[in-house]
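Here is a structure to read together through questions and answers. Each answer sets a value beside the rule used to judge it.

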Amino acid sequence: MRVSFFSAQKYDQRFFDAANQHFGFSLDYQEAGLSATTARLAEGADAVCAFVNDTLDAECLQELKQLGIRFIALRCAGFNQVDLHEAKQLGLQVVRVPAYSPEAVAEHTLALILTLNRHTHRAFNRVRENNFQLNGLLGFNLHGRKVGLVGTGQIGLAVARILKGFGCELLGYDPHPNPEFLELGGRYTSLDQLYAASDVISLHCPLTPENHHLINGHALSRMKKGVMLVNTSRGGLVDTSAAIAALKSGRLGYLALDVYEQEGDVFFRDCSDEIPSDDLLSRLMTFPNVLVTGHQGFFTEEALTQIAEVTLDNLEQLRQGQEPVNELTHQLED
Ligand code: NAI
């Protein structure tokens with residue numbers, strides 16, 4: 001089977017080539033993102049392997065079908081970038097990696113919380129200039145604070161486990177409550193109660209058409225003044241303009257983003273030679289209490305190893321005519 005990779009980076013090649021020793025697929029890597037305009041780069045392949053910011057809309061999928069592509073392997077958990085209904089119509093099978101080292105994203109979430117809270121990003125620069133003053137670096141104890149988790153699936157639960165060790169009070173909102181969250185001592189509340197009570201709010205739910213801009217001006221107005229908001233899930237969950245307004249008013253005391261709603265234009269690329277064209281992102285960078293990382297929550301040795309192994313195993317099952325458990329289109333209602 002020949003697999004055409006889109007949005008491929010050097011590290012993808014490293015981990016996929018290592019995992020492929022057990023499978024023997026023919027793997028082609030290209031840096032270009034996947035969209036209707038680039039789909040033809042997959043000519044001659046049986047499958048494409050796509051990532052978070054590829055655009056697998058109806059037009060792109062039709063193009064892939066015409067090229068003879070049969071399988072789409074997402075090397076990520078989220079699948080909001082794929083028109084699954086169209087894929088099903090076209091008979092394209094779509095697989096994903098539903099869970100890979102949730103601790104990778106959970107630990108990055110903690111890195112963001114601790115950095116923003118204790119200002120280690122600013123301290124790093126200060127001491128290198130021989131400035132050992134503490135003004136501006138005041139933090140707060142996480143111990144005893146209320147942390148609200150929106151989504152208590154694999155990653156939300158992994159965050160909850162770590163925060164329990166910090167002595168935090170755990171609040172959760174999830175349409176499908178997780179008994180393991182309750183066993184940890186977590187308490188489910190309504191979304192409104194979670195907003196009103198939490199000192200830190202962290203998003204761990206998928207992006208769907210229903211929860212696009214879940215964190216909008218109204219949601220922010222319900223939160224405690226000075227709250228810390230962390231988004232390591234998907235950029236579209238947060239209305240960036242509303243977040244900027246809340247930062248200016250002081251409603252939002254800290255904002256950490258590993259994902260950003262317009263990240264597709266810049267993330268995973270070196271844009272340091274370009275004139276910034278995204279005014280919202282540029283504005284965000286001006287706040288001392290905002291920390292942006294470029295969608296690196298998943299980026300650990302363990303997670304990349306698992307992503308490569310599970311993706312190739314998904315393709316192996318498809319090659320053998322089986323229906324992988326990680327297949328998405330068969331879960332859709334007709
Ligand atoms: P999961 O499927 O194990 O858990 C998601 C949970 O969210 C489920 O319990 C579900 O019931 C809940 N949920 C669904 N809609 C909700 C809503 N509107 N409000 C509150 N909860 C809702 O998924 P997992 O593995 O925990 O991943 C969560 C998200 O993290 C993914 O959807 C993905 O967007 C993001 N992610 C980010 C990565 C990064 O590198 N920053 C890497 C991997 C995932």
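**Reading the model step by step**

Leucine 64 lies in helix H2, which covers residues 58–66, and the model in which this is seen is a predicted one.

Q: Why is leucine 64 called buried?
A: Leucine 64 has a relative accessibility of 0%, and since buried means under 20% relative accessible area, leucine 64 counts as buried.

Q: Which residues does leucine 64 touch, when those up to four places away in sequence are not counted?
A: Leucine 64 touches Leu34, Ala39, Ala42, Val48, Ile69 and Ile72, where a contact means heavy atoms within 4.5 Å. The C-alpha atoms of leucine 64 and leucine 92 are separated by 9.0 Å, although the two residues are 28 residues apart along the chain.

Q: What is noted about the phi of histidine 119, and where is histidine 119 found?
A: Histidine 119 has a positive phi of about 60° although it is not a glycine, and this residue is found in the loop between helix H4 (102–118) and helix H5 (120–128).

Q: What makes histidine 295 count as buried?
A: Histidine 295 has a relative accessible area of 7%, which is to be set against the limit of under 20% for buried, and therefore histidine 295 is buried. Histidine 295 also has a positive phi, of about 55°, although it is not a glycine, and it is found in the loop between strand S12 (290–292) and helix H12 (301–319).

Q: How do you know that the radius of gyration of the protein agrees with that of a compact globule?
A: For 334 residues a compact globule would have a radius of gyration near 20 Å, and the protein has 21 Å, which agrees. Along its principal axes, the C-alpha trace spans about 60 × 50 × 35 Å.

Q: What share of the residues of the protein counts as buried?
A: Of the 334 residues, 50% count as buried. Of the contacts with a separation of 6 or more, 69% are accounted for by residues 24 or more positions apart.

Q: Where does UniProt place the NAD-binding domain, and how much helix and strand does the chain have over residues 110–297?
A: In an unreviewed entry, UniProt lists residues 110–297 for "domain: D-isomer specific 2-hydroxyacid dehydrogenase NAD-binding". Over residues 110–297 the chain is 35% helix and 16% strand, with the end C-alpha atoms 10 Å apart.

Notes:
Residues are numbered from 1 along each chain as its sequence is written. This is a predicted model: local features need pLDDT of at least 70, side-chain atom pairs count only at pLDDT 80 or more; totals for chains, interfaces and linings use all residues. Side-chain values use heavy atoms; hydrogens and water are left out. The radius of gyration is taken over C-alpha atoms; the globule rule is 2.2 Å times the number of residues to the power 0.38. Buried means under 20% relative accessible area, exposed over 50%, partly exposed in between (1.4 Å probe, protein chains only). UniProt positions are given in the numbering used here, feature names are shortened, and annotations may be inferred rather than shown by experiment. Helices (H or I, at least four residues) and strands (E, at least two) are DSSP runs, numbered from the N terminus.
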